[in-house]
Amino acid sequence: MIESPLLTPCMGYVAGKWQAAKSGSTVPVHNPATGEHLADVPDMGKGETLEAIGAAASSLETPLPRADRRRALEAIAAQLIEHREPLARIITQEHGKPLAEARAEVEYSSAFYSHFAGQLDRLGRQELDGRIRGCRWTIHHRPAGVAGLITPWNFPLAMFSKKLSAAVAAGCGVVVRPASLTPLSAIAFWRLAERAGLPPGMLNLVLGRSGPIGEVLCEHPAVRVISFTGSTDTGQILLRQTSPHIKRVAMELGGNAPFIVFDDADLTAAADALVANKFRCGGQTCVCANRVYVHKDVGPRFNEILAERVAALKVGNGLDDGVHVGPLINRFAFDKVAEHVRDALARGADRVVGYDPPRPEHDWGCFYPPTLLGGARPDMLVFQQETFGPVVAVATFESEDEVLRLANDTRYGLAAYVFTRDPARGGRCAERLSFGHVGINTGTGPAPEAPFGGMKQSGFGREGGVEGLLEFCEPQTVVEA
Ligand code: ADP
C-alpha cells in the first residue's frame, strides 16, 4: 500500500466533504510496474455524481470575485510546487512513468494554475467605444455554469489540471472524473486544493466507473460544459450523449502525429528531438510522433543515428534511477503495440532495434522494448492508428508535396513536426499541415501560455492560452439605452 498524508483519506470529494461510495464498494489501484496494490478507492456512481453536480451548482449562486479566484489559483500553483516530490512519487507509482517525467508533470500542472491566475484581467467588464444604436454596450464574461471534466490516465495530474485551472479562473463549479487506473494523483491534488480557500462544493472529485458518471454529466441540465480528453471513440459517445442537451463541449481526442525530416535538417538534433518526443510517457501521449517521414537521401544516416539512441534507452520501474521508459499501462496496451509491430513486420518493415517480448501474465509488468522499424508504409497499422507505445516507425519520401499529402492523409489533426534548415520551407509546411500544434525544428508539446487542441477528428476546443479560459466563460452583452 502507498503511504502518503496526501492520500489520507483515500476518498472522493463531494459537496465539500471526503466521501466513500454510497454502496461502500471500492476499486483497487495497482502499480503498473510491479503490481503492488497501492490503494482502494471508492467506486462511486450516479448518486454521488448527482450530489456533486448539485453542490457545484449551489456554489455558483454566490459568484466568487475575480480577486478570490486569482488568490486560489496562485495558492494551488504554490501548493503543487511545495509538494512536488510526494506528488511525483504518486504519479510514478500509479502510472509507471520515470520520476523525472512525473516531477516535470507536477511543474507543468502548476504552471497552468499560475497561467490562468494571470489571465483573469481579461475577464473584466469591457465597454464598447461610442454609442451603438444610441446605447451603451458592455460585455461581461460570466461563468458558463457547472463543468464536467473527464480525463485519461496518461498524465494523471496534468490532464485535469489543464481544464480545472481554466474552469476555476472562469468561476465555474466543477465535477472531475479522472481515469480509474490513475485516481490517486487527483485525490492528492484535492488534499492540497482544500487549502486554497475556495467555497465548499465548488470543486468535486467523483471516482468510479466511467459509463454511469459520464452519462449523468452529459445529460444533467445544470452541467453546461463538458471537457473531455481521451480517445476519438469515447469522444463520439460523449458527443452523442450531450447532443440532445445542447451544451458546450471541448474534445481533446486522439492524434497520429507526422514527424518530417527533410534532407537539409540537422539530423542529430532531429533524432534527439524524436527520441524525447516519442519515448516520453513510454510513447503514451496524444502528441507523440507516430509516423516518421525521412527524406530518402538522408534516410540511412538518420536511421543509424536514431538506432543508437533507441538502443540506449533503459526500460524499467519509473522509481529506479536511470530509467527512460516505464511499463505500458496494461495488457490491452501491450497487445495493441505487439499487434502493430507484428503487422508491420508481416507487411515488410524491418526491425532495426527491438525484439518480441513474451506476453505478460498480468496487467502489470507490461514492459515493451523500445523498437525502431524501418521501411514503414501507409497501409501498416503503425501508420494508420495511434500505437501508444515505445515504437518508432520510419518511412522515406522524395518531395515536399508528397510528404505533406501523406502527413495530412489521416482523420486526425493534433500535432505535427517538421525538421528543416530552410525557414521558408518550415513556414510553408506549417501553413499546409492540418494540425493544431506544429513544431518546427522542435519536438516540444503544448505550453500553458499557448492554445492547444485538435483539428479534424482530433477534436475541437482549446486548452491553455486565453482560448482555454473562454471555453468556460459565457460572454454576456448588456445594452443600456
Ligand atoms: P484512453 O485510451 O486514453 O483511456 P478513453 O477514451 O478510453 O481513452 O478514456 C478516456 C477517459 O474517458 C477515461 O477516464 C475513461 O475512463 C473515460 N471514459 C471511457 N468511456 C467513457 C464513457 N462511455 N463515458 C464517460 N467516460 C468514459
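I began with the largest pocket, whose lining counts 39 residues. Those nearest its centre are Pro152, Trp153, Gly230, Ser231 and Thr234. I note that the model is a predicted one.

I then looked up the volume of the largest pocket, and the computed value is about 1100 Å³.

Next I asked which elements supply at least two residues each to the lining of the largest pocket. I found helix H7 (210-219), strand E10 (223-229), helix H8 (232-242) and helix H11 (331-346). H8 gives the most, with six residues.

I sorted the lining of the largest pocket by residue class and got 16 polar, 15 nonpolar and eight charged.

I moved on to the second largest pocket, which holds about 410 Å³ of space. Its lining has 23 residues, and Tyr108, Phe155, Arg280, Gly445 and Pro446 lie nearest the centre. Helix H4 (99-117), helix H5 (158-170) and helix H9 (267-279) are the elements that give two or more residues to this lining. H4 has the largest share, four residues.

By class, I logged twelve nonpolar, six charged and five polar residues for the lining of the second largest pocket.

Technical notes
Residues numbered from 1 in each chain as written. Predicted model: local features only at pLDDT ≥ 70, side-chain atom pairs only at ≥ 80, totals over all residues. Heavy atoms only, no water. 1 Å grid on protein atoms, 1.4 Å probe; cavity = no way out; pocket = protein on both sides within 12 Å on 5 of 7 lines; lining within 4 Å. Points joined across faces, edges and corners; volume = space filled by probe spheres on them. Nonpolar A, V, L, I, M, F, W, Y, C, P; charged D, E, K, R; others polar.
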